[in-house]
Amino acid sequence: MIKVNENYAKLKASYLFSDIAKRVSGYMDVNPDNKVIKLGIGDVTKPLTPACLEAFHRAVDDMANEETFRGYGPEQGYAFLRDAIAINDFGSRGCDISADEIFISDGSKCDTGNIQEIFSTDCVIAVPDPVYPVYVDTNVMAGRTGIWRDGRYEGLVYLDSTNENGFVPAPPAEKADVIYLCFPNNPTGATATEKQLKAWVDYALANDALILFDAAYVAFIRDEKIPHSIYEIDGARECAIEFRSFSKTAGFTGTRCAYTVIPKECRGFSASGEKIELHAIWNRRHSTKFNGVSYPVQRAAEAVYSEAGKKEVKDLIDYYLNNAKIIRGKMEALGYTCYGGENSPYIWIEGGMDSWDFFDLLLNKAEVVCTPGSGFGKCGEGFIRISAFNSLENVNEAMGRIEKALK
Ligand SMILES: *Cc1c(COP(=O)(O)O)cnc(C)c1O
């Protein structure tokens, strides 16, 4: 008998973004001629920049000649890209990360989802609430949780992110083995200070725990005092894995390239308490199950670090940050308390009503799609997320409509 993985049955039936899509298509069925502006889902809208495109094209041509053609590449990624990352993303911030501690991949969604495979099934998992759903669902699938009850999975440690703690939870009193952190945060837009991250590193060291640090939105940090990497904190090399992606940094959501950093000192423990190098286990997993990112895509990613690429990517992010500023400014002027939108593309807005009611209000009265905060967790109830990923023109129009609808 082909028995299935019963853990899948524990997954909450509906997926947030399909619920949103259903309501939007329901509205459009009744109002087919109206233009709905989508500031909901977290996908970029601007094309790849010229430096990336040129490198991409050139690499495709390399594949046409026997002398420059490439077959299977190294699973961990080509040295040209790993070297550029080590120097530009870490060396430049004083972080001691070497190229062979970097694993190139096709996405941080996959990496943050797959990494839990190398941990024991009885590890206690801590996740922020609200949260990027991938961290939770992949642990449900692996059997690290109980059932879904009252808006939460049993067996997980939830780290409440609220306006009281500025959406940066402090380490809990109880023991957790694996802690997911994401800064700048999706969905709240919060960033963590050096002191706040230090508290987490100290907790991980004291509890033999591991931090999984998702820095997918690092490119949006404009305040130089905010740490860009967990490795800016002393001790993190021993107890933290960092995930980064070209998706939001350089518009690669459809092109696919990301990477994971596992320092050589980063340790797990055997059943008998012996230290085990996580780098070695992940290397084994990655080379067995992953074929590497395509050569042209890695060349396109490398171009992000060229002189032209750096400037273009900064301009690209500045464009979205300007949208974010407009959104936050307008919502504040309308009397709403807003968070994020400063070193982040997301604005987290306290609506003073049920999240889905606010969602429906904006959809029906302004024809603007946002994301209800409650979809990211219990603590998101009462909030909505508005994303800056759209054209300036659409953002201006959307905010004009929202102003008219809410005034
Ligand atoms: C968008 C996003 C990512 C990036 O995912 P990719 O698979 O690299 O496109 C990672 N983490 C969070 C929280 C995100 O919002």
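**Reading the features**

Q: Which residues do ring pairs link into a cluster?
A: Start with the general idea. Rings of Phe, Tyr and Trp (its six-membered ring) pair if their centres lie within 6.5 Å; planes under 30 degrees apart count as stacked, over 60 as edge-to-face and the rest as tilted. Here the cluster is made of F90, Y231, F246, F252, Y259 and Y305.

Q: What should I know about the model and the numbering?
A: The model is predicted: local features need pLDDT of at least 70, side-chain atom pairs count only at pLDDT 80 or more, and totals for chains, interfaces and linings use all residues. Residues are numbered from 1 along each chain as its sequence is written, and side-chain values use heavy atoms, with hydrogens and water left out.

Q: How many aromatic pairs does the structure hold?
A: There are 24 aromatic pairs. Take F220 and F389: their ring centres are 6.0 Å apart and their planes stand at 80°, so this pair is edge-to-face.

Q: Where do F220 and F389 lie?
A: Helices (H or I, at least four residues) and strands (E, at least two) are DSSP runs, numbered from the N terminus. F220 is in the loop between β8 (210-214) and α7 (236-239), and F389 is in the loop between β17 (383-387) and α13 (392-406), so the pair ties together parts 169 residues apart in sequence. Now look at burial. Buried means under 20% relative accessible area, exposed over 50%, partly exposed in between (1.4 Å probe, protein chains only). Both F220 and F389 are buried.

Q: What lies over the face of F80?
A: A charge sits over a ring if NZ of Lys or CZ of Arg is within 6 Å of the ring centre and within 35 degrees of the ring normal. R299 does this to F80, at 3.6 Å from the ring centre. Likewise, the charged end of R385 sits over the ring of Y346, 4.1 Å from its centre.

Q: Which residue does the UniProt annotation "modified residue: N6-(pyridoxal phosphate)lysine" cover?
A: UniProt positions are given in the numbering used here, with shortened feature names, and annotations may be inferred rather than shown by experiment. The record, an unreviewed entry, puts this annotation on K248. K248 is in helix α8 (residues 246-250). K248 is buried, at 15% relative accessible area.

Q: Which residues is K248 in contact with, leaving aside its neighbours within four places in sequence?
A: Contact means heavy atoms within 4.5 Å. For K248 the list is G42, V44, A216, Y217, F220, T253, I317 and F389. Look again at Y217. A polar contact is a pair of N or O atoms within 3.5 Å; within protein, one must be able to donate a hydrogen and the other to accept it, and residues adjacent in sequence count only if both atoms are side-chain atoms. The side chains of K248 and Y217 make one, at 2.9 Å.

Q: Is E242 buried or exposed?
A: E242 is buried, with a relative accessible area of 0%. Find E242 in strand β9 (residues 240-245). Its side chain makes a polar contact of 2.9 Å with the side chain of S229, and one of 2.8 Å with the side chain of R244.

Q: What does the side chain of S245 reach?
A: It reaches the backbone nitrogen of S247, at 2.9 Å. S245 is also found in strand β9. With 8% relative accessibility, S245 is buried.

Q: What domains does the domain assignment give?
A: Domain bounds come from an automatic or database domain assignment. Here domain 1 is 6-47 + 308-406, and domain 2 is 53-306. The contact takes 35 residues from domain 1 and 44 residues from domain 2.

Q: Where is the peptide bond to P130 found, and what is its form?
A: The bond from D129 to P130 is cis, with omega near 5°. P130 is in the loop between β3 (125-129) and α5 (133-141). The bond from N186 to P187 is cis too, with omega near 15°.

Q: What phi does D150 have?
A: D150 has a positive phi of about 50°, although it is not a glycine. Look in the loop between β4 (148-149) and β5 (152-153). D150 is exposed, with a relative accessible area of 61%.
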